[in-house]
Amino acid sequence: MNAATSTEISSQLITFCAAGMLVFQLLLVVQRMLLTNIRLFALQSALLAAVAGTVAYFYNATHVYIVAVLTILGKVIFLPWLLDRQVRRIGITQEIEPLLNAPTSMLLCGGLTLLGYIVARPFTALERLGNNTLGVAMTLVLTGFFLMFNRRKAITQVLALLAVENGVMLAAVALATYGMPLVVELGIFFDVVVAVMVLGILVYRIRESFDSMDTSKLNQLKG
Amino acid sequence: MSLLAPILLVPLVAGLACLLVPSRRVMAGLSVLAFGLLLALGIALIDQVLERGVVTEWGEFLYADALSAWMVLVISVVSLASAIYAAGYLRRDLADGAVTERRFREFYVLTPLFAAGMFLVVLANNLGVMWFAVEATALSSVLLVALYNRRTSLEAAWKYIILGSLGLALALFGTVFVYAAAVGPHASDKLPSFNWSRLMTVAPQFDHGLIKLAFVFAFIGYGTKAGLAPMHTWLPDAHSEAPSPTSAMLSGVSLKIALYALLRFHILTTACLGTPFSQHLLLGFGLLSMCVAAPFILVQTNVKRLFAYHSLEHVGIMCVGFGLAAPLAVFGAVLHMGYHALVKSAIFFAAGNIHQKYHCLELPSLGEGLLQTMPASSTLLALAVIAIAGLPPFGIFLTEFSIVAGGMQAGHPLACGLFVAALLTVFSGLLSHVAHLLLGTAERQPGGPSTPISCVAAMALLIAVLAVFSIWLPKPLLQLITQAASIIRGIP
Amino acid sequence: MNGLSATLLSFALWAYVAGMVGALIFQRAERLANGIGFGLAAVGGCCGVLSCASALATGAATASRSFELFPALIPYVQFSIHADALGCFFGMLNSLLAVALSIYSLGYARGYYGRKNVGVLAAFFCLLLLATTLVFLADNAFFFLIAWEIMTFSAYCLVSFEHEQEETRNAGVLFFIMSHIGTGCLILGFLLMFQGSGSYGFESFHALGDKMPVGQRNPVFLLFLFGFGVKAGMVPVHIWLPAAHPVAPTNVSAFMSGVLLKAGIYGLTRVCFDFLGTPPYWWGVTVLTLGTVSAVLGVLYALMEHDLKRLLAYHSIENIGIILMGLGAALMFLHSGHPALATLALIAGLYHTINHASFKALLFLGAGAVLHATHTRNMEEMGGLAKRMRWTALFFFVGAAAISALPPLNGFVSEWLTYQALLQGFGTTPSLIRLMFPLSGAMLALTGALAAACFVKAFGISFLGQPRSDHTRHAHEAPLPMLLGQGILTAACVFLGLFPTVVLKLLDPVTQQLTGQQLSQQLSLASGLVLAGGAGRAGTVSTLGITLMLLCLLPVPLVLWALFARRARTRVGPTWDCGQRGLTPKMEYTATGFSKPLRMIFKALFRPRREVQREYDFSPYFTTNLRFESHVEEMFQTRIYRPLRSLVLYGSRRLRALQAGSLQAYLIYIFITLLLLLLFAL
Amino acid sequence: MNAIISIILQTLLLLLLAPLLSGLIKNWKAKLQNRRGPRIWQPYSDLLKFLRKDMVISEHASWVFSVAPYVVFLSALLAGLMVPMLTAQAPLSLFGGVLAVVGLLALGRFFLALAGLDPGSAFGGMGSSREMTIAAIAEPAMMLAIFTVAIAAGSTDLSQMVQAGQGPTWKLFNPTHAMAFAALFIVLLAETGRLPIDNPATHLELTMIHEAMLLEYSGRYLALMEWGASIKQLVLMTLLSNVFFPLGIATNASPAALGLSAVAFGAKLLVLAAGVVLVETTNAKLRLFRVPDLLSAAFALATLALLSTFLFG
C-alpha cells in the first residue's frame, strides 16, 4: 500500500491507543481497588507498547521495537507482577479515602486534560504521527501527578509515578520521531525498574517499622 | 592519556570491590584511596581542559569542559573528605550499634556508586544520559538516607525518593521536548545525535515555544532535585536524617549536581531564545528559596535541619548569581559552589561529631558550652560558621559580595536589596543559635569516648583548604572558573 | 605620606600582627601572653601616633598617595591603603587610645589569670587594633568592608569574652546582628556608588561626587546614614550600645566607645564630605536632628542608670549626638554655600570626636579600676572611694569635668566651637529652618547641664561619702599600669583643653581635604593663646587664660586668710548633718534618689515602673518590712525592638506550618508551581 | 598696664559690691514685710565673723570638700571679670564671652554639688540633686535667651554685645529684648536660689536647696561659699542689666564717663534688686516639681523672643 494511506492508518492507530491510555488513566483515578489499579496500569503500558510497535512498524525504525519489547517485559509483566506480589504479601486491597472524592477528581482531571491540550496546541505542527499525542502525553503527566497526591497508599503512589512515566514515554515515542536514542531508552527503562525496586525495598522497610503503608502516617519530620 | 573514563570507572570498581572485601578496615581504606586517586585525576583533568578547552572520550560520549572539570574537582574533594570522615564515624556507629554489619557494607558500596553517578552527570555529553545519571544518584543516595533505618530516616527517604523521582520524571519530559526540538519539524530517517556539543551549535534554530516548555519542565524537575523552593520540602528531612558523611555529600555536592543539570538547560535555553526567560526564573526562584529558608532558620531547633535549610538558602544564592547573569555575579556563583561545598560538608561533619557525643541534635537539649565539652570540633565548627555566614577573610564574603556587585551592574538594585536582607536574616538566626550552642558553661559533661581523630581531621582538612583558597586562587583554578563562568553566560 | 611616617605605620601594623600571633602562641603562659600581646600593641600604638601626627603636622598627609598594602591573590580585589588627612586623623585617635588602653590592659588582664585565657583576649585586642587601623586607612570599598567586618567580628569576640553569663552572650549577639545589618546597608550603599563609578576605589567615588544624580544619591546617603549610624550608636539604632559596653571587659568597652563608635563617624564624614558631592539641604537637617535627639535622649537615659558602665555607655550616645550636630550643621552650611562656616562646624565635630575618645575612654578605665577593686558595677554599693583610690578618683574626676563641658577642659572647647557654629549658622538662611540652629544649641545646653548633673551623681555617689558595702570598704588602689593608662588619657584631656589652637593646626589638612578650607589661622589669636569662634568679631575664649587667671586670683582668699583667719583652727569631726546622731551609709543619698527629681520631671518619657511591697504585722501603719523597686525601661526597647522581634519570630513560627510533614502537601506545592509556570511559559 | 589696673579694680568692685547687694535685698524684703530687718552691711560682718571662726571638717570628707570653696569663689570672681560693669570693655572679655561665663558658673556649681555629697550627710545629697536638676532645666532657657541677644549682636563676646546694644539699633521696648529679658530674669531667680524656687532664708531641711549643700561648711570655707554665692548673684544681675539696658556704660576710661556709668550701673542694680524683692515678697515658694513649669515658661519666652527676631527682622 502507498505511503499516504500508511501514515493515515498509523496516525489513526496511534491516536486510538493514546486515547485508550487516557481512558485507563481516568479509570485509574477513580478506581480504588489496588489490584485493579495494577491491572489498569498494565493495560495502559500495553497500549504504550502498541504505540511504540506502530511507530516501529510504519516507520521501520527497528530500535523502537526494542522499546516496545522492553515496555511489555517491564511495565506490562514484571512491574505489575512485583507490585501484585507486594500487595498480596501486605494483604491490603483497598485504597483508603483519597484526598478528593471521585466526582471532584474527575472534574479536576477534566480541567487538567483541557490544560494539557491548551499547552500542547502550539506544537501540533511538530506532530507527524497522529495529532494530539502530545496533548495526551501532557494530560497523562498532569493527571498522574494529581493521582499521586490524591492517594495515600505507598503502592498507589508508585503506580501514579509509573503512570507519569508512561506519559513521558508516550511523548518520547510519538513526539520525537522514532523515540529517543537507544542509549537513552535503555537508560530510562533501567532506571524505572531500579526505581521501582528501590521503592519496593522502602515500602517493605516502612511496613516493617510502621506496620502500615499509609504514607500520610509519615509526618514526624516537621518544621 | 584519557582521564574521563577512569574518573567514571574508579568509583564503580571501588564500590563493587567493597561488595567482596571481607574486612571493614579494607573497605574504609579502599574508599579513601579511590577518592584520593579521583582527586588526583580531577586535578589532572583541569590541566587537560585548560589545554584543549574541551575533552571528549568514547566517541563523544563523555564530554568535559571547564564547568564539568570544576564540578569534578568539587565532587572529588568533598567525597575524599567524607570518606576520611566516614572511616572514624561509621566505626563509632557500629560500636554504638547504630548500624549493622550489613548496613555498614551497604554504605561503602553505595557511596562510591553515588559518586560515580555524580561524575557521570557532569561528564555526560548526551542530555538523556545526564538525566539517567541524575536519577542514578537519587536512587543510590536514597538507601544511604535510610541507612539508620529509624522511622524518621525511612520517612525522609520515602519523601526524598517520591518527590525526587517525580521531579525527575518531569525533567525527563523536558529532555524529551529538547530532543523533539533537536529533531525539528522535518524528520529525516537518520537519527540526530543528542549530544551537548552538537545541540549548542544548532540551538538557535530550535522551536522557541518547545524550548520554553522544555525548560519549564526541566526547571521543575531538576529544581526539585536541587532543592529550590517550593520544591525543596524533601531537603531538610533527607539531609538531617542521613548519616553525616552522606549529609555532607548531599548538601555539599549533590545539590550542585542537580544545579549543574539545570544550568545546562539554562545555557541551552538562553542560547536558543536569546531572551532572559530562564534567567528570570532562576533569579525569582533563587530569591524565593532564600526568603523561604530565612524564617525556618530563625526558629529552628535541630542542628542538622538548621544547616539543611541553610543549604537551601545557599542554593538560592547560587541561582540568584546565575540568574543575574552579570559577569561578576556568575563568577561569584561558580566560585560559591566550591566554597559552599567545602564549608557545608565541614559543618555536617561537626554536626555528626556532636550527635555521636550527645546522641541528640535538638538545640534545647544540647544546652550550651560545647566549646568546653568538645573543643576541637567546636572551634572548627565556629570557623566554618564564620565562613558560611560570609565574614571575611573567608571567601564566601567575596563571592556573595561579587554576586551583589554583579546584580548592581545588571541593574537589579531591588533584587540585591532582597538578597542582602535575606542574608542578614539568616545570619541573625545562625549567629544566635550557634552562639548559644558553643558559648557559655556546659551543664552536663556527656560520657562516651572522645571524637575519633579522623572525624576531626576531615573537618580540619576542609577548613584549611577553604582558608587557603579564600586568600589565594591559583592561576589555573582562576582560569578554570572564569572559563566556566563564561560558558554559563553562553560565551563559548 | 613621606617615608618615615609610612615606615612607622607599617611598623605599627606589623606590631599588631606580631602581638596577635605571639599572644596566641604563648597562650598557655598567660603572663608572657599578656606581656607580648598588650606590650606589642602599645608599641604599635606609639608608632601609629608618631606616624599619623607627623603626617598631619608636616602636611605629608595631603600629599600622600594610595599604595598597595600587599598584592591580592584573588580577582577583582585590591588591598590598597591611603593615609590621607582624614584617615591619619582617625588613625591618630585610634593609636592614641591603643597606647593608653594597652598599657592599662597589662594591669587589667591580671584579673583574669587562672580564670580565663588571657592570650585570646590579647590576640583579639591586637586584631581589633589592626582592623580599626585598616578601616581608617583603606582606600577601596572592598578592602574597607573586609576590615570593617573583621573589626566587628573581633569586637564581638571581645564583647562575649566573659561568655559565662547569659547577659553577655545576648548582648554580644545583639551587637553583632545590629552591626551586621549596618554592614549590609553599607555594602548596598557602596555598590550603588560602584554602579555609577565602575570601580571600588575611593578615588573613583570621590570623582563621582556630583555626577551622581540626586535621585540616586539620596538612597545612598540613607543607606550610609543607617549603616554608619548603627556603628556610631546614633538614636534610634543605638540599642546595642548600652547592652554591649557594660558586659565587655573594661579595656574593650573603653576602646569600643573610644574608637569603634568613631569608625561610624569616620565613615559618615568620609562619605558625606568626600564622596557624595554637595549635599541636599535635608541631609544636614536630618543629621542635625538625629544628633540633637541622640544627645538629649542619651544623657537622659544615662541619668536613670546606676550601673556605672551602662551610664557611661549612654553618655557615648549623647556625645555621638553632639558630634553629629557638628557634622549636620556642616552639611547644611555646605549646601547653603558657606564653606568657612561648614569648616568651623566640621572642626567642632571632629574636635569633639577626639575629645570624646579621650575622656570617655578615661572614664571607662576609671570604671574598670573601680570594678577591679570593688567587684561591682552598681553605684549603690560604692562610695568613699576617693579616699581609698586617690589617683583613680582624681583621674575619674578630670574625665567627669571634661565630659560635663566644664572649662578649662577639652569638652568645653569642642562644645564652645559647636555653639559658635550653630549661632553663626542662624544668618546663613532666611527660611524658618534657621530656628533649628539656636534651638539645637539650647538642647546642647540642656545636654551639657544634664551631663553635669549625671556626673555629679556618678562621681559623688561612687567616690564621695561613706562606703556602702564591704567590698567598697576594703577597696584598694589599682596597680601601676592601670594608673599609667589613665594618666596618659588624663594628660590628653588637659592638653586638648588647654591648647586647642595646636590641635586646630593638626586639623588643617583634614578640613583642607574635605571642604577646601583651613581655619587654624583665623581661629587662633594672640599667638595661639586665644581661640576665636570664626572670622570678625565672633566670640573668643582662652582656656589657658582662664586657668592662669584662676591661679592669679588664688591669692585673694589667701590674703583674706592672712588678714583675718590667722588664729582660726581647723579640726576634723563627725558630719554634723543637722545634729543627727549615728549617721550611717544607709542615710546617704542614693544614685536612684539623686536622679529622682529628673525622673519625675521627664515622667512622660521614662514611664518609670515602681513596685512597693510592704509587710506589716497588725496594722498597715506599722510596716515591718518595706521593699521598693523602680525600673526605667528604654522606650525604643519596649516600643520598637521587642515588638518587632516577637513579630518576626511569630511570623516564622507560623510559616513552619508549610513544612508540616505531609507528603501530599509537598506534592501539591510542586503541582501548583508547575501549573503556574506552564501558564507563565505560554 | 591699665588692663591690669582695670582687672584689679573690677575685682575689688565685685568683692565689695556683692555683699552689699545681698544685704540690700535682705533689708528691703524685711521692710516690705514690716520688719526692721538686718542692716544693709550685715553681710560684711557676717563674712568677717565666718572668717575668724574655727572650722570643723567632716571625717568622711575628701579633698573635694576643701577644694570646692576656692573654686566656687574664684570661678564666680573670674566670671565677673568677663562681664562689662562700668566700662563697655570688660577686663577679660578676650578670655571668654558669655559662654565662658556660663561655663565658669557651671564649674562652680559642679564643685558645690560635689561638696554637698562629700560629707555623706543625708541632706547634702538632696541639696545637690535638686541644685543640679534645677540648673539643668534652667540652662536651655538661659542659653536661648542669651542666643537671641548674641545673634542680634552677631557675637558671643559680652563687650561686643553691649556695644551693639548701645548702637542706634537699641530700642527700649524691642519685643525681642523684652521677652528675652523676662526669660533671663526667671533664670536669675533660679540660679541665685531666690523665691519662688528656693528660699535663701530657710534652714528647714526638706525645702532648702542651696543651703543644704553648705550645711557641713563652717568658718572661712563657709565665708568663701557665701561670698562666692553673692558674687555670682551680682554677676548675673550685672549681666542682665548691662546687656539689656546698656545705658550710660562708659566706652572710654575718662573719669566723667566712668562716673556717669557708675551712677547708671548703681541705678540699674537697684531697680533689678527691687524687682527681685517684689517677686520674693509677693510669691510663695513653689513645690519642687512645680519649678519646671516656671522654667519651661522661661524657655517658651526665650523661644518666642527668637521667633520674634525672625518675625520682626
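Biologist: Which residue is the bridge partner of L531(C) in strand 5 of chain C?

Modeller: The bridge partner of L531(C) is V541(C), where a strand is a DSSP run of E with at least two residues and a helix a run of H or I with at least four, numbered from the N terminus. This is a predicted model, in which local features need pLDDT of at least 70 and side-chain atom pairs count only at pLDDT 80 or more, whereas totals for chains, interfaces and linings use all residues. Residues are numbered from 1 along each chain as its sequence is written, while chains are lettered from A and ligands numbered from 1 in the order in which they are written.

Biologist: How many bridges join strand 4 of chain C to strand 5 of chain C?

Modeller: Two bridges join strand 4 (residues 530–532) to strand 5 of chain C; pairing takes at least two DSSP bridges, so these antiparallel strands pair.

Biologist: What makes strand 3 and strand 5 of chain C edge strands?

Modeller: In the open sheet, ordered 3-4-5, strand 3 (524–525) and strand 5 (540–541) of chain C each pair on one side only.

Biologist: Which helix of chain B supplies the largest share of the side that touches chain A?

Modeller: Helix 6 of chain B supplies 18 residues of that side. In all, 37 residues of chain B are in contact with 39 of chain A, contact being C-beta atoms, placed from the backbone, within 7 Å.

Note on methods. Contact = placed C-beta atoms within 7 Å.
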